[in-house]
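Here is a friendly walk through one protein model, for someone meeting it now. Have the sequence and the 3D view open as you read.

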Amino acid sequence: MGAAKRFPKGQRVLETWLEAERGQILLWLPVAFGSGIAAWFALAGPAQWAAFLCIALGIAAAGGALHGRLGRVLLLGGLAMALGCAAIWLRAERVSAPVLARPAVASFEGVVVQADAFAARGFTRLVLAPIARADLPPRVRVNVDSTDLPAGLAAGARVAVRARLVPPPAPALPGAYDFRRVAWFGGIGATGKALGPVTVRSPGSSSGQGLRAALSTHIQAHLPGSAGGIASALATGDEGAIDEADAEAMRRAGLAHLLSVSGLHVTAVTGAAMLIVLRLLALSPTLALRFRLPLVAAGAGAIAAIGYTWLTGAQVPTIRSCVAALLVLMALMLGREALTLRLVAAGAVIVLLLWPEALAGASFQLSFAAVAAIVALHENPRLRRWFERREEAWWRRLARNLGSLLLTGLVVELTLMPIGLFHFHKAGLYGAMANIIAIPLTTFVVMPLEALALLLDLLGLGGPAWWLAGKALALLLWIAHMVADAPGSVAALPVMPGGAFGWIAFGGLWIALWRTRVRLIGMIPVVAGLVWAALAPAPDLLITGDGRHLALRVPDGSFALLRDRTKDFTRASISEMGGIEPDALASLAERNEARCSPDLCVADVAGGGRSWRIAATRSGYTIGWRALVATCASSDIMVSERRLPRGCRPRWLLLDRAALAQTGGVAISFAGRGIRTVETGAQHPWLDPPTVQPPFERGKGEP
């Protein structure tokens with residue numbers, strides 16, 4: 001009350017504004033809850049998490065001491081932030097499971113929890129629960145070559161396998177994909193590769209996963225190649241048969257969302273089920289007069305949505321879309337407006353309550369950002385008047401619909417671009433134009449033809465429908481490659497600081513969720529975040545956590561690799577962090593700036609207003625002590641996968657095996673001597689997990 005008495009005019013202004021926005025305030029509850037989750041991920045450890053909880057509860061207490069709408073906003077907002085932080089903290093502790101302490105070769109029996117085929121890459125990924133093995137984690141993930149996998153393997157089967165297992169790997173470079181975190185919340189304590197055929201001890205049950213595999217095999221038998229892979233992805237969520245080049249083209253063209261079963265697919269299936277049931281039941285005058293057929297159709301749509309979600313593996317994005325579809329159907333049954341921001345907020349709260357860790361993933365952010373942008377755009381009164389149907393000439397109606405679709409695509413593309421740049425360090429620029437054709441093609445041509453072909457296959461008459469579906473999918477792939485290969489089709493950003501991304505996200509939410517002119521203030525944090533991201537120094541030197549791979553920015557702006565033989569995954573990670581295409585990575589040994597032998601490279605480059613000498617070992621062979629010490633003394637940075645002798649003292653930075661064990665992967669910017677590391681000293685549970693000591697097994701594949 002003291003603050004209110006000292007600033008009565010300011011409180012009146014806030015109360016007036018909040019009264020005008022009273023219908024929008026509820027939308028900020030999931031934002032506050034998500035802020036608590038985000039704070040837990042961003043802060044370093046228990047002391048800081050506890051401090052955040054105290055601050056959030058302090059805000060709630062301050063709100064409780066105030067009268068009026070402002071007090072209620074602070075009270076509920078503070079409680080929601082505290083609940084979000086507590087929810088993800090509790091979730092991280094509940095999923096705690098031991099992790100493999102070190103690499104090992106192990107022979108064991110286990111139950112198949114999940115089996116995902118990657119036909120285009122020649123392997124199947126199994127999640128196994130080892131049986132009666134206290135020396136192994138409760139769940140391990142193993143890749144099995146397709147030739148070593150017995151036919152018909154399904155969830156629930158008991159199998160015997162010999163595999164090389166390693167602990168879930170850390171990100172290779174700062175800002176790269178963090179599999180350790182994903183594995184922790186998935187309960188996976190080790191990952192690896194089978195060293196021979198898998199033996200089935202007892203078959204699994206004919207569950208939905210077996211039906212998925214059978215349906216995917218059936219589809220791919222009629223549509224070979226990537227066309228069959230896309231058709232399988234639409235029907236069962238199985239993307240494994242899509243060729244990597246075609247998948248990359250889909251990503252670059254902004255069409256990758258078509259491959260992941262989410263809102264578009266669930267909506268199409270639900271709408272088709274409702275339409276078919278409604279039309280069929282309306283053929284009977286008795287049913288039409290005695291029953292409310294729209295309610296029956298909505299029930300059929302709900303059953304279709306749940307069945308489709310189960311068939312496609314019940315992944316989190318699909319469950320999220322199913323929940324949203326069920327909320328829409330519930331609103332229709334109650335006679336309320338079907339799609340509103342409140343409905344989107346309710347869906348977000350449900351997902352975050354069940355899987356709070358989803359907030360940190362790109363899938364959650366992309367899907368909810370896209371839906372929120374679309375709904376917010378079409379809820380705008382001025383745009384709604386422009387979009388609404390009216391009596392007019394057909395060509396004007398067509399132009400209006402195309403304009404609506406183009407504007408929606410542009411807004412969605414602009415909304416998703418910062419998310420793509422933050423997570424993947426690149427984003428498509430022509431996605432809005434590509435989606436104008438690709439979304440209707442997929443929704444109204446490909447999916448209905450595929451469903452028709454599957455139905456006609458029951459009578460042995462599906463051939464023509466499969467042929468048409470193949471032609472439509474070929475057109476979709478042609479669009480993807482044409483857009484992906486267009487000049488300037490992809491924007492790349494090597495580094496987007498987390499703080500910059502946070503400002504952009506907050507500004508975007510401010511613009512989307514408020515209705516009065518105050519929403520324009522959101523442009524300030526958006527612009528500030530964009531400027532921050534644009535001015536963040538790009539890395540000049542990238543070093544993986546094992547010290548084996550180094551990429552140095554050379555004068556033409558590209559990166560040169562220390563080792564000529566570099567795995568595709570490592571090349572992809574380096575190219576993403578460097579903001580260049582993988583094909584642009586050159587060999588350091590071939591550059592004029594470098595002098596390389598089979599065992600050692602020394603390169604001189606300019607950066608940050610001075611010249612830098614970088615030295616790195618290229619092999620595990622012994623290098624003369626005197627020569628090595630002399631190289632260290634003349635270099636600014638020395639990098640090695642081995643432990644270097646004490647006499648190795650570079651002028652600035654030594655990154656050998658011992659140092660990299662503490663830092664993980666490193667990204668260095670010469671300007672200002674900026675250093676980013678994978679290991680930051682945080683205390684999240686996946687960084688220092690409980691471990692199990694694996695068995696020691698001699699033989700082929702022993703680490």
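## Starting from a loop

Setting aside residues up to four places away in sequence, Gly-620 touches Glu-641 and Arg-642, where contact means heavy atoms within 4.5 Å. You'll find Gly-620 in the loop between S16 and helix H23 (625-633); helices (H or I, at least four residues) and strands (E, at least two) are DSSP runs, numbered from the N terminus. Gly-620 is exposed, with a relative accessible area of 67%. On this scale, buried means under 20% relative accessible area, exposed over 50%, and partly exposed in between, using a 1.4 Å probe and protein chains only. Gly-620 and Leu-100 are 520 residues apart in sequence, and their C-alpha atoms are 26 Å apart in space.

A word on the ground rules: this is a predicted model, in which local features need pLDDT of at least 70 and side-chain atom pairs count only at pLDDT 80 or more, while totals for chains, interfaces and linings use all residues. Residues are numbered from 1 along each chain as its sequence is written, and side-chain values use heavy atoms, with hydrogens and water left out.

## The open sheet

Now for the strands. Six of them form an open sheet in the order S13-S12-S11-S10-S19-S20, with mixed pairing; two strands pair if DSSP finds at least two bridges between them. S13 and strand S20 (674-677) are the edge strands, each pairing on one side only.

| Strands | Sense | Bridges | One partner pair |
|---|---|---|---|
| S10 (residues 541-543) and S11 | antiparallel | three bridges | Leu-541 and Leu-552 |
| S19 (residues 666-669) and S20 | antiparallel | four bridges | Val-666 and Thr-677 |

Is strand S11 buried or exposed on its two faces? Both faces of S11 (residues 550-553) are covered: Leu-550 and Leu-552 are buried on one side, and Ala-551 and Arg-553 are buried on the other.

Ser-587 is buried, with a relative accessible area of 10%. Leaving aside neighbours within four places in sequence, Ser-587 is in contact with Ala-560, Leu-561 and Asp-564.

## A cavity and a pocket

Searching the whole structure turns up one cavity of 30 Å³ or more. The largest cavity has a volume of about 40 Å³. Its lining includes Leu-550 and Leu-552, along with Cys-601, Val-602 and Ile-614. S11, strand S15 (600-607) and strand S16 (610-617) each supply at least two residues of that lining. By class, the cavity lining has ten nonpolar, no polar and no charged residues.

How are such spaces found? On a 1 Å grid over the protein atoms alone, a cavity is a set of points where a 1.4 Å probe fits but cannot get out, and a pocket is an open set with protein on both sides within 12 Å along at least five of seven lines; lining residues have an atom within 4 Å of a point. Grid points are joined across faces, edges and corners, and a volume is the space filled by probe spheres set on the points.

The second largest pocket holds about 760 Å³ of space. Of its 21 lining residues, the closest to its centre are Val-269, Ala-272, Met-447, Ala-451 and Leu-452. Helices H8 (225-236), H10 (263-282), H12 (293-311) and H18 (431-457) each supply at least two lining residues, and H18 gives the most, with nine. The pocket lining has 19 nonpolar, one polar and one charged residues. In these classes, Ala, Val, Leu, Ile, Met, Phe, Trp, Tyr, Cys and Pro count as nonpolar, Asp, Glu, Lys and Arg as charged, and the others, Gly among them, as polar.

## Nonpolar cores

The largest nonpolar core has 47 residues, and those with the most contacts inside it are Ile-37, Trp-40, Phe-41, Phe-185, Leu-341 and Phe-364. Such a core is a set of buried Ala, Val, Leu, Ile, Met, Phe, Trp, Tyr and Cys residues joined through side-chain atoms within 4.5 Å. Among the elements giving two or more residues to this core are helix H3 (28-42), helix H5 (68-94) and helix H14 (341-354). H3 provides the largest share, eight residues.
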